[in-house]
Amino acid sequence: MPRIDADLKLDFKDVLLRPKRSSLKSRSEVDLECTFTFRNSKQTYSGIPIIVANMDTVGTFEMAAVMSQHIAVSSGSGQNDLEKMTSILEALPQVKFICLDVANGYSEHFVEFVKLVRAKFPEHTIMAGNVVTGEMVEELILSGADIIKVGVGPGSVCTTRTKTGVGYPQLSAVIECADSAHGLKGHIISDGGCTCPGDVAKAFGAGADFVMLGGMFSGHTECAGEVIERNGQKLKLFYGMSSDTAMKKHAGGVAEYRASEGKTVEVPYKGDVENTILDILGGLRSTCTYVGAAKLKELSRRATFIRVTQQHNPVFS
């Protein structure tokens, strides 16, 4: 018999952060850099923990040059994926991050694959996902993952929720998964669902260690693809990695046993990504001053969310 979990689950749009007294005089006093030591690899990371999604159109080398972070090598969970990943890591020993990325992180096969990769690469930091519940976060961490990607269906070009009826409101997913991960000294990435800098702040406030963005980084000079001109407007292509477009590119098309779970859209051309990065970081600094967090790492301890029915005044939106 099916069961219903009647506990309230919330998305970024359902809440705002409550302001609190603060001793900070200026946004410039806020430190956005975080340092983490990972549970299984024992590697240390320092930087501003915002990640560009591992998607064709936004996860480009040009984008990586601007973000100046490590290129994790990204892999699926098949035998060919393992062989390809192994050859890349042998050729590029400086790459210390492995991203094991599947649409459904709940399969037993995926858990076994994480164990296999951990045994093969004991000193690499492994990101694994995607999942949305605490017990699966714990299982993946205990199987050898360091950082768990959290999010099923919240992305702007993801259609998993309409095609399958499966998903989980992202704010609640992050709160619950962060709690489980941090109890085991693991970390999480909030993957998907952010539409503006305020959502990024809410993800960190909910306990995310890293926030991964796709749609917010789409449409920039550094993204893959040419600028398209139509009716006097400049556009760029952006598509989900389970879309027809991605599967035709990487797998020769959509297999007959599955449905496409991603959209292909044209987004307005936004120019250089540097401006968007500064906008996001400026918003984060402001959030921290509103709640009295001197460091980004303190934001979740200072965060109190209030439920709302409306995010902003829509008169001129």
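This is a predicted model: local features need pLDDT of at least 70, side-chain atom pairs count only at pLDDT 80 or more; totals for chains, interfaces and linings use all residues.

**A buried salt bridge and its surroundings**

Let me start with Asp146, which counts as buried because its relative accessibility is 0%; buried means under 20% relative accessible area, exposed over 50%, and partly exposed in between, with a 1.4 Å probe and protein chains only. Residues are numbered from 1 along each chain as its sequence is written, and side-chain values use heavy atoms, with hydrogens and water left out.

Which residue forms a salt bridge with Asp146? The partner is Arg118, and the closest N and O atoms are 2.7 Å apart. The term salt bridge denotes a side-chain nitrogen of Lys or Arg within 4 Å of a carboxyl oxygen of Asp or Glu. Arg118 lies in helix α3 and Asp146 in the loop between α4 and β8, so the pair ties together parts that are 28 residues apart in sequence. Arg118 is also buried, at a relative accessible area of 12%. Helices (H or I, at least four residues) and strands (E, at least two) are DSSP runs, numbered from the N terminus.

Helix α4 itself spans residues 134-142, and its buried residues are Gly134, Met136, Val137, Leu140 and Ile141. Viewed down the axis of α4, these residues fall within an arc of 165°, so they line one face of the helix; the arc is that of the directions from the helix axis to the C-beta atoms. On the other side of α4, Glu135 and Leu142 are exposed. The cover over the buried residues includes α3 (108-120), β7, β8 (147-150) and α6 (170-183). Just after α4, Gly144 adopts a positive phi of about 125°.

Strand β7 (residues 125-131) contains Asn130, which counts as buried at 7% relative accessibility. Beyond its neighbours within four places in sequence, Asn130 is in contact with residues including Asp101, Lys149 and Asp191, where contact means heavy atoms within 4.5 Å. Salt bridges that share partners join Asp101, Lys149 and Asp191 into one network.

A second open sheet has three strands, ordered β11-β12-β13, and its pairing is antiparallel. Here the edges are β11 (228-230) and β13 (264-268), each pairing on one side only. Strand β12 (residues 233-239) is joined to β13 by five bridges, and Leu235 stands opposite Pro268 in β13.

Next, the core. Which residues touch the most other members of the largest nonpolar core? They are Ile50, Val200 and Phe217, among 86 residues in all. A nonpolar core is a set of buried Ala, Val, Leu, Ile, Met, Phe, Trp, Tyr and Cys residues joined through side-chain atoms within 4.5 Å. Helix α9 (residues 273-291) gives the most to this core, with seven residues. Leaving out residues up to four places away in sequence, Phe217 touches, among others, Ile50, Ile51, Val52, Val273 and Ile277.

I close with the remaining salt bridges that I wish to show. A search of the whole structure finds nine. In one of them, Asp31 is joined to Lys295, the closest N and O atoms being 3.5 Å apart. Asp31 lies in the loop between β1 (15-17) and β2 (34-37) and Lys295 in the loop between α9 and α10 (299-302), so the pair ties together parts that are 264 residues apart in sequence. Asp31 is partly exposed, at 30% relative accessible area, and Lys295 is partly exposed at 39%.

Technical notes:
Two strands pair if DSSP finds at least two bridges between them.
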